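Have a look at this one with me.

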Amino acid sequence: LLVCVCFIIGFGACAEPGTDDSDNDNNDQDQVEYNEEAFVVNKANLYGIGSPMRTDVQLGVPLENQTGLIRALGATSHRSWMHITELMTPPSETNAGFTINKSIADIYHNIFTQLTFSGVKQIIGMSHTWFLPSSVSNPDGDVQSMPERDTTPGSDYMETLELYEDSWYNLAREFPEITYWELGNEFNHDPFLHKIGYASDNSKVFSFEEKVEISIDMMYYASRGVFRANPDAITVMPAAAPVGGMQAKSITNYIKAVYEKIKSGNFPAGEEKTVETNEYFLSLAWHPYIYADTENDDQWIKETWVEYNNEIFDIAKENGDGNKKVFFTEFGLSDMGDPARDLRQGEVYKLAFAQMKNTMPYVEACHVFRLFEDAKAAIWGGEVERYYGLFEEAPSYKPKEKAKAIQQIFGGTEDLEKYVIDFNKFKPGDNIAPYA
């Protein structure tokens, strides 16, 4: 059931009972309706998995094995990597609109159908790539680079934002089965938002303030595209990264700056300006990773980690967004291939999820990153990226100790070793090539 939730353009979101309504004193303004679900936390969705399933399908990992393990874990929410630059081609001189890559889109449609059959109730689609206008020189083909922020009409930057809006419109239109859209990923972190040329020269970065301003524009234009395609959609702020660890407060500083810039009345880029945060995002998100320097400290996890997250949400409350819910769209632990660390990290997950469930009422879903180990990830992210997985890579599928802990947390009951091959069961002369 969709119930109307209103906001007053240029002022704050309509407050829920018992929340601060101080910003909502001009009720004669035009009202816009949003999906009520955006403002109600459903803890049944807490138990999430984030994993690039489509990529794994194309690498030969059967979809039924992936969804079978997600079902065995007991997951109820899923974050899906759905990159715009892989799912469609942009307009060209001979083509006035975007063209969806149906072969890839069909894989996603099948994934979402299978996830739903496997008990997943909530799917969050996310893309952190985009197109630049054909007139912009981009010799590296970098799909996470932006032109300088020139807000004059017709600039490369403004044309990129217009293209960005249209690409999100086409993405949301192609997937009506998805309600939640995360409008990017870790835009406060250089690898995910940078200047053209960064791929060959990593000194070509935006300043902190530039990243904040550009990401605000991107949120607004992406939201506009999504709502054109699906007025009942729920837009999620691109999750911020804990650059330097939670204690460095990079997430806190970024989200505080986002609110300050929006409330200044100078955004977004273009003729239209709005201080209404719902026009940029309906839900918040960040990635509260716990790194090696604190993963062995129970007290830090139960108290300090919680305090850091509460401090971030307090910024939203101070800006009239206390009714917005929060998604931890990535939260993972890399064991570096060490069985002892794997065992300990199972306990870390138990501690963290207990806090999310019992002391963080604003958190709806936390997506554990990721389903499988990935040796190829070490090429671009180092060995630490390889060992976030809950299961060994296919064709092993062996559950690690933290997979067993996640199953206990999520309440799954099926066999986690259902796809593990016991080669001792084969007889001499059996063909084991398909399993090796």
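This is a predicted model: local features need pLDDT of at least 70, side-chain atom pairs count only at pLDDT 80 or more; totals for chains, interfaces and linings use all residues.

Q: How many helices and strands does the protein have?
A: There are 12 helices and 14 strands. Of the 436 residues, 54% count as buried. Among contacts between residues at least 6 apart in sequence, 73% join residues at least 24 apart.

Q: Why is Thr-235 called buried?
A: Its relative accessible area is 0%, and buried means under 20%, so Thr-235 is buried. Thr-235 is found in strand β11, residues 234-236.

Q: Which residues does Thr-235 touch, leaving out those up to four places away in sequence?
A: They are Trp-181, Leu-183, Ser-223, Val-226, Phe-227, Phe-281, Leu-282 and Ser-283.

Q: Which residues of α5 and α6 meet, and what classes are they?
A: From α5, the contact includes Tyr-157, Leu-161, Trp-168 and Arg-173; from α6, it includes Ile-214, Met-218, Tyr-221 and Ala-229. By class, the contact of α5 with α6 has 13 nonpolar, one polar and seven charged residues.

Q: How many aromatic pairs are there, and why is the pair of Trp-130 and Phe-187 called edge-to-face?
A: The structure holds 30 aromatic pairs. For Trp-130 and Phe-187, the ring centres are 5.8 Å apart and the planes are at 85°. Centres within 6.5 Å make a pair, and planes over 60 degrees apart count as edge-to-face, so this pair is edge-to-face.

Q: What parts does the pair of Trp-130 and Phe-187 tie together?
A: Trp-130 lies in the loop between β7 and β8, and Phe-187 in the loop between β9 and β10, so the pair ties together parts that are 57 residues apart in sequence. With relative accessibility of 2%, Trp-130 counts as buried; Phe-187, at 1%, is buried too.

Q: How do you know that the pair of Trp-168 and Trp-181 is edge-to-face?
A: The ring centres are 6.1 Å apart and the planes are at 85°. Trp-168 is in helix α5 and Trp-181 in strand β9, 13 residues apart, and the pair links distant parts of the chain. Trp-168 has a relative accessible area of 0%, so it is buried, and Trp-181 is buried with 0% as well.

Q: Which residues form one aromatic cluster?
A: The cluster is formed by Trp-286, Trp-305, Phe-313, Phe-328, Phe-331, Tyr-349 and Tyr-362.

Q: What makes helix α12 mostly covered?
A: Seven of the 10 residues in α12 (401-410) are buried: Lys-402, Ala-403, Ala-405, Ile-406, Gln-407, Ile-409 and Phe-410. These buried residues pack against β3, α2, α9 and β14. Just after α12, Gly-411 takes a positive phi of about 85°.

Technical notes:
Residues are numbered from 1 along each chain as its sequence is written. Side-chain values use heavy atoms; hydrogens and water are left out. Helices (H or I, at least four residues) and strands (E, at least two) are DSSP runs, numbered from the N terminus. Buried means under 20% relative accessible area, exposed over 50%, partly exposed in between (1.4 Å probe, protein chains only). Contact means heavy atoms within 4.5 Å. Ala, Val, Leu, Ile, Met, Phe, Trp, Tyr, Cys and Pro count as nonpolar, Asp, Glu, Lys and Arg as charged, and the others, Gly among them, as polar. Rings of Phe, Tyr and Trp (its six-membered ring) pair if their centres lie within 6.5 Å; planes under 30 degrees apart count as stacked, over 60 as edge-to-face and the rest as tilted.
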